[in-house]
Amino acid sequence: MQRREPFKFMLQMSIFGSGLMFLGLLTTYLGLQRPDAGFGKIQLPTVFWVSTLLILISSLTLHLANLNFKEDKFLSYRIYMGFTLLLGLVFVGMQLWGWQQLFALNADATLRTSRGFIYILSGLHILHIVIGLFFLVKIFLEAIKRASYIESFVYSVNPPNQLKINLIIFYWHFVDLLWVVLFLFLLWQN
């Protein structure tokens, strides 16, 4: 029997727990979906559409970064990692802008309304993105520090470094997929 990598297993369990938390929130949202309870239909801000596209592109740029890392194309790896980081930061900014648009529609966005629930869902997702951004910054800075090909190559063949990169890629794809699911759910409900 093959031994499990403990960090990967911990990440998988954390992702499972996050998935259950969001499933519980979506189920609660469905249970409260009554016009008399303040859970009427609302239109999602247009900026959420754009941010969804950006987060999907960030998954692509991270995938391309990983391919370049495996092919020892370290300059391209750094460039794609930088783009991924930038797209993640822009995503967070656009989500906050979407909050501002929601608030402008109706200032009465308590947690007992559809808008309030959207704040909770997207806010928890932003928290997950910020965690991912923290690790992306760490990996990006490590890549920038190793400017020479030899330093980059030595870094790339080290199994703990490969594991770090694989874990952040796994996590980032999870939070991207999570946002797509949340966004589609909110579109379906509203």
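Visitor: What percentage of the 190 residues in the protein is buried?
Guide: Buried means under 20% relative accessible area, exposed over 50%, and partly exposed in between, with a 1.4 Å probe and protein chains only. Here, buried residues make up 44% of the 190. Please keep in mind that this is a predicted model, where local features need pLDDT of at least 70, side-chain atom pairs count only at pLDDT 80 or more, and totals for chains, interfaces and linings use all residues. Residues are numbered from 1 along each chain as its sequence is written, and side-chain values use heavy atoms, with hydrogens and water left out.

Visitor: How many helices and strands does the protein have?
Guide: Helices (H or I, at least four residues) and strands (E, at least two) are DSSP runs, numbered from the N terminus. This protein has 6 helices and 0 strands, giving the pattern α-α-α-α-α-α along the sequence.

Visitor: What share of the contacts with a separation of 6 or more joins residues 24 or more positions apart?
Guide: A contact means heavy atoms within 4.5 Å. Of the contacts in the protein with a separation of 6 or more, 82% are between residues 24 or more positions apart.

Visitor: At what angle do H2 and H6 pack?
Guide: Axes are lines fitted to C-alpha atoms, for helices over the stretch in contact, and angles run from 0 to 180 degrees between N-to-C directions. Helix H2 (residues 46-70) and helix H6 (residues 159-189) pack at about 160 degrees, with axes 10 Å apart. Angles under 35 degrees count as roughly parallel, over 145 as roughly antiparallel, 65 to 115 as roughly perpendicular and the rest as oblique. H2 and H6 are therefore roughly antiparallel. Residues that meet there include Trp 49, Ile 55 and Leu 62 in H2, and Ile 165, Trp 172 and Phe 183 in H6. By class, the contact of H2 with H6 has 14 nonpolar, 8 polar and 1 charged residues. For these classes, Ala, Val, Leu, Ile, Met, Phe, Trp, Tyr, Cys and Pro count as nonpolar, Asp, Glu, Lys and Arg as charged, and the others, Gly among them, as polar.

Visitor: How do the axes of H1 and H6 cross?
Guide: The axes of helix H1 (residues 6-32) and H6 cross at roughly 10 degrees and come within 11 Å. That makes H1 roughly parallel to H6. Among the residues making the contact are Phe 7, Leu 11 and Phe 22 of H1, with Leu 163, Phe 170 and Trp 188 of H6. This contact of H1 with H6 divides into 16 nonpolar, 4 polar and 1 charged residues.

Visitor: Is Ser 51 buried or exposed?
Guide: Ser 51, found in helix H2, counts as buried because its relative accessibility is 0%. Not counting residues up to four places away in sequence, Ser 51 touches Phe 91, Met 94, Gln 95 and Trp 179.

Visitor: Which residues is Phe 74 in contact with?
Guide: Leaving aside neighbours within four places in sequence, Phe 74 contacts Phe 69, Tyr 149, Ser 152, Phe 153 and Ser 156. Phe 74 lies in helix H3 and, at 5% relative accessibility, counts as buried. The C-alpha atoms of Phe 74 and Phe 153 are separated by 8.1 Å, though these residues are 79 apart along the chain.

Visitor: What is the phi of Asp 72?
Guide: Most residues other than glycine have a negative phi. Asp 72 is not a glycine, yet has a positive phi of about 60 degrees. Asp 72 sits in the loop between H2 and helix H3 (74-105) and is partly exposed, with a relative accessible area of 26%.
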